[in-house]
Structures are given as structure tokens and as C-alpha cells.
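Please read this briefing with the sequence and the structure open beside you.

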Amino acid sequence: MNSAAKVLLGTFGALALTASAASWRVETIAGTGAAGHEGDGGPAQAAQLNHPFGVVRGPDGCIYFCEIDGGVVRKIDAKGILTTIAGTGKKLPLGDGGPALQASLSQPHEVRFDRNGDLFVADTGNQRVRKIDLKTGLITTVAGCGKGGFSGDGGPATNATFKAAISIQFDAQGDLLICDISNHRVRKVEMKTGTISTIAGTGLRGPTPDGAAYRDAPLLGPRSLDCDRAGNIWVALRDGNQLFKLDPKTGLITHVAGTGKSGFTGNGGPAKLATLSGPKGLAISPDGSRVYLADAESNSIRMVDLKSGLIEVVCGTGKKGDGPDGAAATCQVARPHGIFAEADGTLLLSDSYANRIRVIRPAP
């Protein structure tokens, strides 16, 4: 993109899309757009979904996602067939120690896999993080006692309290990281010992100082996190409308995107000068060169190029809508929450309020 184009895009802000956005294509792979729970055992494209949130590619090649209002985790296999693998859609019983299909999930927000191929769920409404052993089909709690609050650091994770364990990921050591959003902290469960601790955030609401020690820095609503292959931890602040990188080697936090104000400006320009609007999903490209944000309240998917420092729109117009499939630049999305970056550059997207799972591909 030449300098004149960048200036033009910065001038028009929310109305402008970068030239590269036009090179992406969108396809719906699950959901008819109607909210519900129909279609298990059949084609995912003909099924009803109920506000899908977290989405991930499993080690078996299948796509897994959770539905916040459906209270379930579902799977799309290689043939495009949809099945439910966890959750009854009801509030009770909790079902720990039994089959995941007979257990209750309350407002599940995210799903991730560990090194062993087990599936973990941020069971947010139940104030827990839970594990599904895909070999046995059994579900257990690995963090959270089910009560709201802030306690338990230094002790067993299963005795700890959260104020919405909303996002999860595994770090370079295989330990479980948790965005405890209303406690304004990122917490860690050491998987070998089961001990929980706070690694970032003070619990106070306030601006995050660039370059500060992240153990002592305020985090304003940490909503989503991911880890890159270098071991860095990336955190999107929903309430703070910013993106930060946490470097475990130095213990310091670096500002990457967002001024802190809510908006949809700055596309095509420096990411630090852009405005974000309630980012809910975060994904690092496998090569570590790009960060993708499901910027829910601006109804868009945005990308930060870490080499240039520029931010671009990948998908969405800034207005809430439902498609159409085809050119990403003209495909409207509706408060997207989950995003996953594939090795080939493809993105998996939970288009939450459109009740669809979409694939976004770079044009050949």
C-alpha cells in the first residue's frame, strides 16, 4: 500500500477499508443464522447454533466451538457433520466426573486444547475452568470452586474463586492461563501441581503503563489471550480497548494497539493510534507475524502486522449484519467473539450474533 492510500484510509477512519481487506474471502461452514439447537448428526451448514463464542482447531483436525446461550460444546468433523460433545443446555446438574454430554455448562466462552489433546472449557457462568477427556468423554473441574470472588492464590486451583474466568490458553510451559476479567487479572494454573497464582494485573481498574512490570500493572478488563511461539503472552483488554504483549523473559508489558478510547478509526495506520471497540477474541498467527482481533463492538475482524505496526480490517464493514459470504470487505458480521488462526493463513471465526461459524481465507 502506498503512502497516499494510507493517508486516505486514516482520513476516512471507520468508513475506510485497507486494500488488503479486499483480498480476503468469507465462507459460512456452520449455522443457518437462526438461533437454536437443531441439526446434530447432519451438515453443519444446515444446523442451528446459539451464539457461538470460542472456536479452535483440534489435534484431530476437527473444529470445536462453544455456544454461550446454547450451553454446549460442538464439533464439526472433516465431512462437515456437526455433533454436540458436551453440555445438556440446562443449568443443572454440574456433572463433574461423569460424561460431558450429561454435564451442565453455563455461558461457556472459550475452548482450548492442551498438549495431551484434552479439551478445556472456560465455563464462565459456573465460575470454573473444566477439562473434557476426549478419550473417555468425562468432564472434570481444573480451576474454580463455583463461587464468585477473588481468592485462592498460592493454593489448589479447584479451591479458587473467579469473577468470570472468560478466556484460557496454555503457555510455553504447558500451564493454563486464565483471564479473570472482572478481577482485572491474568491468572495461571501450574498444571503439575494444580496451584493457582496471579501473573498480571493488580485488580484495580486503570490505564496500563507501557513498559511497566506486568505483575504490578493495572489491566482494564482482560478479555482474551493467546501465546506466540516465542513464549510471549498477548492480552486484549475489552474495557480498556487495547492490545498488549507480556514478555515473560523481562516481566514487562508492551502496548501494541489501541489508544484506550472506543471506536473504529485508524485503519491502515499505526495500530497504537487506532481505536478499538470491545475486542473479544484474539489469535496470533502461527509464524508470530500478525495478531488478529475479533473487535466485537465494531463488528469487524482487524489485523495488526507486527513488522509494520499497522492495523487493517480483514472482514466487516463496521456495521452489524449477516454476510453475505464472498468478499470479506463487504461481509457484515455481528459482534464476533472467537477467532483462530490456521497455519495456512486461514481464519476460523465465531460470528456470534449471526449464529454462524465462518472461514476467512486469503485470496489466492
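Predicted model: local features only at pLDDT ≥ 70, side-chain atom pairs only at ≥ 80, totals over all residues.

Residues are numbered from 1 along each chain as its sequence is written, and side-chain values use heavy atoms, with hydrogens and water left out.

**Aromatic pairs**

- A search of the whole structure finds three aromatic pairs, where rings of Phe, Tyr and Trp (its six-membered ring) pair if their centres lie within 6.5 Å, and planes under 30 degrees apart count as stacked, over 60 as edge-to-face and the rest as tilted.
- One of them joins Trp 24 and Tyr 292, whose ring centres are 6.3 Å apart with planes at 80°, so the pair is edge-to-face.
- Trp 24 belongs to strand S1 (residues 24-30) and Tyr 292 to strand S19 (residues 290-295), so the pair ties together parts that are 268 residues apart in sequence; strands (E, at least two residues) are DSSP runs, numbered from the N terminus.
- Both Trp 24 and Tyr 292 are buried, where buried means under 20% relative accessible area, exposed over 50% and partly exposed in between, with a 1.4 Å probe and protein chains only.
- Tyr 64 and Phe 113 form another edge-to-face pair, because their ring centres are 5.1 Å apart and their planes stand at 70°, and both residues are buried.

**Charges over rings**

- Arg 185 lies over the face of Phe 150, at 3.7 Å from the ring centre; a charge sits over a ring if NZ of Lys or CZ of Arg is within 6 Å of the ring centre and within 35 degrees of the ring normal.
- The charged end of Arg 335 sits over the ring of Tyr 353, 4.7 Å from its centre.

**Salt bridges**

- The count comes to 18 salt bridges, each being a side-chain nitrogen of Lys or Arg within 4 Å of a carboxyl oxygen of Asp or Glu.
- Glu 27 forms a salt bridge with Arg 361, with the closest N and O atoms 2.8 Å apart.
- Glu 27 lies in strand S1 and Arg 361 in strand S25 (residues 356-362), so this pair ties together parts that are 334 residues apart in sequence.
- Glu 27 is partly exposed at 34% relative accessible area, and Arg 361 is partly exposed at 36%.
- Asp 322, Asp 325, Asp 351, Arg 356 and Arg 358 are linked in a network of salt bridges.

**Cysteines**

- A search of the whole structure finds zero disulfides, a disulfide being a pair of cysteine sulfur atoms within 2.5 Å.
- The sulfur of Cys 331 is 4.4 Å from the closest cysteine sulfur, in Cys 315, which is too far for a bond.
- Cys 331 is buried, with a relative accessible area of 0%.

- Strands S8 (residues 128-133) and S9 (residues 138-143) run antiparallel and are joined by five bridges; two strands pair if DSSP finds at least two bridges between them.
- Ile 132 has Ile 139 in S9 as its bridge partner.
- Asn 232 lies in the loop between strand S14 (222-227) and strand S15 (233-237), and is buried at 10% relative accessible area.
- Leaving aside neighbours within four places in sequence, Asn 232 is in contact (heavy atoms within 4.5 Å) with residues including Asp 226, Lys 245 and Pro 248.

Notes
Helix = DSSP H or I, 4+ residues; strand = E, 2+ residues; numbered from the N terminus.
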